[in-house]
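Q: Please take one part of this model and go through it closely, starting with the aromatic rings and moving on to the helices and the core around them. How confident is the predictor in what is shown?

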Amino acid sequence: MSKLSTKFFAAPALLPVLLLSQLQQDTQGGISNQQLNEQSMLAVNWVQQSGEYRALTYQAFNIAKLTFDTAKSKNITRPAIIVDIDETVLDNSPYQAGLLDTNNGFEITTWNQWIKEEKAKAVPGAVEFVNYVNKNGGKVFFISNRDEKSAKDAKSNDLEIATINNLKSVGFTGVNGQTVLLKGEFTKKIDGKENTSKQWRVEAVKNGNADGKRYTVIALIGDNLNDFDETIGKNNQQRRDHVDKNRNFYGMFNITKGIVKPAYIAIPNPMYGNWETGIYNPLILKKQSPFDMTPGERNQQRRESLNQWFGK
């Protein structure tokens with residue numbers, strides 16, 4: 001999970017479908033956060049109940065396995081796979097379901113509580129794939145925008161410890177402080193500010209700073225296009241155009257003049273992500289961010305984004 005790195009948000013590890021910061025009732029149309037929450041019920045049910053969701057995750061990890069096997073056959077040195085965590089290898093849909101019937105949105109406090117419960121289950125197919133790579137001469141790195149700790153002054157990295165414990169408890173191998181790279185690790189100063197982009201953690205895997213060895217990244221696996229490229233775009237038209245332009249990288253890696261361009265492998269996540277913020281245009285309302293938009297304004301822009309057909 002993933003997640004947002006646009007100018008609209010300084011987002012934590014998980015950003016839900018609703019992005020709700022206001023608890024009051026919207027006076028324009030009477031739309032509340034709770035009513036917006038209800039719109040995600042089918043998405044959560046699809047993840048938790050449908051066979052189609054499982055089929056797609058198995059399909060994605062089967063493609064990832066073929067990608068890894070192809071890299072091995074080409075004798076690529078130290079092939080590495082980078083996976084996002086939330087909604088890529090760990091299923092946090094119970095947290096999303098818990099927002100239903102409430103007027104609450106995503107909150108870092110409750111999200112950190114969920115992490116520390118260590119109750120997330122594995123996404124179907126993820127354990128088998130990760131363990132196959134680690135057993136057959138590759139290495140998997142878990143790069144997530146989960147925070148390392150729940151408080152700035154915490155003496156121990158409680159969230160990192162809980163994340164590692166959770167990953168181990170559902171059967172993942174190769175899980176440790178060197179392979180689990182969370183937000184705050186390998187940052188860079190840009191214009192005097194600390195930049196926590198996943199890009200720097202990916203570079204740490206490539207240049208050996210992560211565990212002392214240099215790796216060739218052959219695949220990036222995530223539920224959010226930003227897991228592949230954090231400059232992919234803010235609105236959904238930009239994001240669709242980027243996908244179309246890079247269609248040949250989805251499901252297969254490329255080698256050009258000896259340089260490997262990793263494959264992009266997407267895991268389905270209809271519950272939350274940058275795709276939702278790509279719907280909103282707060283600027284036309286003279287607002288800076290979707291956080292500033294009322295529930296009614298978000299609901300209206302959701303409706304306006306639909307391509308509808310009306311029968312006679």
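**Rings, helices and core**

A: Trp-111 is buried, its relative accessible area being 1%. This is a predicted model. Trp-111 forms an aromatic pair with Phe-106, and the geometry is tilted, with 6.3 Å from centre to centre and 50° between the planes. Phe-106 also counts as buried, at 12% relative accessibility. In total the structure holds 12 aromatic pairs. Another of them joins Trp-111 to Tyr-95 in an edge-to-face arrangement, with the centres 5.4 Å apart and the planes at 75°. Tyr-95 belongs to helix H4 (residues 93-97) and Trp-111 to helix H5, so this pair ties together parts 16 residues apart in sequence. Tyr-95 is buried because its relative accessibility is 8%. Elsewhere, ring pairs link Phe-228, Phe-249, Tyr-250 and Tyr-264 into a cluster.

Helix H5 (108-117) is also one of the elements against which the buried residues of H7 pack; the others are E2, strand E4 (139-147) and strand E5 (180-183). H7 covers residues 158-169, and its 12 residues reach 16 Å from first C-alpha to last, close to the 16 Å expected at 1.5 Å a residue. Its buried residues are Asp-158, Leu-159, Glu-160, Ala-162, Thr-163, Ile-164, Asn-166 and Leu-167. After H7 comes Gly-171, which has a positive phi near 110°.

Leu-159 is buried at a relative accessible area of 0%. Leaving out residues up to four places away in sequence, Leu-159 touches Asn-112, Ile-115, Lys-116, Asp-147, Glu-148, Lys-149 and Ser-150. Counted the same way, Leu-167 touches Ile-85, Val-89, Leu-90, Phe-142, Phe-172, Val-175 and Val-180.

Leu-167 is also a member of the largest nonpolar core, which has 48 residues; together with Ile-81, Val-89, Phe-142, Phe-172 and Ile-221, Leu-167 touches the most other members. Helix H3 (residues 51-73) supplies the largest share of this core, 6 residues. Another core lies apart from it, with 15 residues that include Ile-143, Val-205, Val-217 and Tyr-264. In soluble globular proteins, nonpolar side chains tend to be buried together.

Asp-86 sits between strand E1 (79-83) and strand E2 (90-91), and counts as buried because its relative accessibility is 0%. Its side chain makes a polar contact of 2.9 Å with the side chain of Asn-92.

Two further loop residues have backbone angles to note. Phe-186 lies between E5 and strand E6 (188-190); its phi is positive, about 50°, although it is not a glycine. With a relative accessible area of 30%, Phe-186 is partly exposed. Asp-191 lies between E6 and strand E7 (193-195), and its phi is positive too, about 55°, although it is not a glycine. Asp-191 counts as exposed, at 78% relative accessibility.

As for confidence, pLDDT averages 90 over the chain, and 91% of the residues score at least 70. Over residues 2-28 pLDDT stays under 50, and the model has 115 contacts for that stretch beyond four places in sequence.

Note on methods. Residues numbered from 1 in each chain as written. Predicted model: local features only at pLDDT ≥ 70, side-chain atom pairs only at ≥ 80, totals over all residues. Heavy atoms only, no water. Helix = DSSP H or I, 4+ residues; strand = E, 2+ residues; numbered from the N terminus. Buried < 20%, exposed > 50% of the residue type's maximum accessible area, 1.4 Å probe, protein only. Polar contact = N/O pair within 3.5 Å; in protein donor to acceptor, adjacent residues only side chain to side chain. Expected span 1.5 Å × (residues − 1). Contact = heavy atoms within 4.5 Å. Core = buried A, V, L, I, M, F, W, Y, C linked by side-chain atoms within 4.5 Å. pLDDT = per-residue confidence, 0-100. Phe/Tyr/Trp six-rings, centres within 6.5 Å; stacked < 30°, edge-to-face > 60°.
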